[in-house]
Amino acid sequence: MESSFEEYSARVQKQLESVYGIRVVTRDIPDPLTGDLDGSEIHIDCAATPEQRLFLLGHLFGHTVQWNVDPASFEIGRRYLPPVNEDLLPAIIAYESEAACYALAMFHHIGITDIDQWFCDYTACDQAYLLHFYRTGEKVDSRAFWRPHTPLIEPKVVPLFTPTKRCLRMDGIVI
C-alpha cells in the first residue's frame with residue numbers, strides 16, 4: 001500500500017500546485033508537528049511517511065479552502081491552550097470535519113476513490129487525538145486513537161477560491 005500512498009501523494013501535490021495554485025513545500029518541521037499551512041502554501045515534514053504525507057496534503061488542503069472562503073475559519077484553527085473550554089470543541093470538530101470533506105472531494109475529483117475508509121479512519125483518529133490534547137494537554141502517540149471502520153465522510157464540493165497567504169501556524173496548531 002505504501003506505493004499507492006506515494007503515487008497518490010504525487011497526484012494530489014500536482015493537483016494542488018497546478019489547479020489550485022497551492023505551493024507544497026517539503027522541509028524539516030520541528031517536532032512534534034508534521035505539517036503547516038499559511039493559506040497559500042502547505043508545508044509537510046520531510047520525515048513524514050507516505051501515508052502521513054497523503055493525509056496531510058488532503059487535510060491541510062481542506063483547511064486552506066476554509067481559510068480562503070471563510071475568514072472566520074482562520075480563528076477556529078488558531079492555537080488553543082489546553083484545557084480548552086468544552087463549549088468550543090463542537091466548533092473545532094466541525095471545522096476539522098469540513099476540512100476532511102473538502103479533502104475527500106478533491107481526492108475523488110482526481111480519481112482517488114479507493115481510500116475513502118482509510119481517510120475516514122485517519123480523520124477520526126486525528127480528531128480523537130486533538131480532542132484528547134485539547135482536554136488534557138497531553139501529547140501521546142496519535143495512533144493510540146486509531147479505530148477501523150469509522151463512519152464514512154461525505155465529500156463537499158470545493159468552492160472556487162484564490163489562495164491568499166496569511167501566516168504559518170508554527171505555533172503548534174497543527175499537532
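**A covered strand and its surrounding core**

Five of the five residues of strand β3 (residues 41–45) are buried, so the strand is largely enclosed by the rest of the structure; buried here means under 20% relative accessible area, exposed over 50% and partly exposed in between, with a 1.4 Å probe and protein chains only. The model is a predicted one, in which local features need pLDDT of at least 70 and side-chain atom pairs count only at pLDDT 80 or more, while totals for chains, interfaces and linings use all residues. Residues are numbered from 1 along each chain as its sequence is written, and side-chain values use heavy atoms, with hydrogens and water left out.

Both faces of β3 are covered, with E41, H43 and D45 buried on one side and I42 and I44 buried on the other. Helices (H or I, at least four residues) and strands (E, at least two) are DSSP runs numbered from the N terminus, and two strands are taken to pair if DSSP finds at least two bridges between them. By this criterion, β3 pairs with strand β1 (residues 23–27) in the parallel sense over five bridges, and V24 has I42 as its bridge partner in β3. Strand β2 (residues 35–37) pairs with β3 in the antiparallel sense over three bridges; here the partner of D36 is H43. β2 and β3 form a hairpin with three residues between them, and G39 in the turn has a positive phi of about 100°.

A nonpolar core is a set of buried Ala, Val, Leu, Ile, Met, Phe, Trp, Tyr and Cys residues joined through side-chain atoms within 4.5 Å. Of the 39 residues in this core, V12, L16, F61, F107 and F119 touch the most other members, and α4 gives the most to the core, with nine residues. With contact defined as heavy atoms within 4.5 Å, L16 is in contact with G21, I22, V24, I42, L57, F61 and M106, leaving aside its neighbours within four places in sequence.

Helix α2 (residues 50–69) is mostly covered, with 18 of its 20 residues buried. The expected span of a helix is 1.5 Å times one less than its number of residues. For the 20 residues of α2 this should give 28 Å, and the end C-alpha atoms are 29 Å apart, which agrees.

The peptide bond from P82 to P83 is cis, with omega near -5°, and P83 lies in the loop between α3 (72–76) and α4 (89–109). H149, in the segment after α5 (116–136), has a positive phi of about 60° although it is not a glycine; at 67% relative accessibility, H149 counts as exposed.

A search of the whole structure finds zero disulfides, a disulfide being a pair of cysteine sulfur atoms within 2.5 Å. C101 is in no disulfide, and the nearest cysteine sulfur, that of C120, is 8.6 Å away. C101 is buried, with a relative accessible area of 16%.

The protein averages a pLDDT of 92, and 94% of the residues score at least 70; pLDDT is the predictor's confidence in each residue, from 0 to 100. Over residues 171–175 the pLDDT is below 50, although this stretch has 17 contacts in the model beyond near neighbours in sequence. Where pLDDT is low, the predicted coordinates should not be read in detail.
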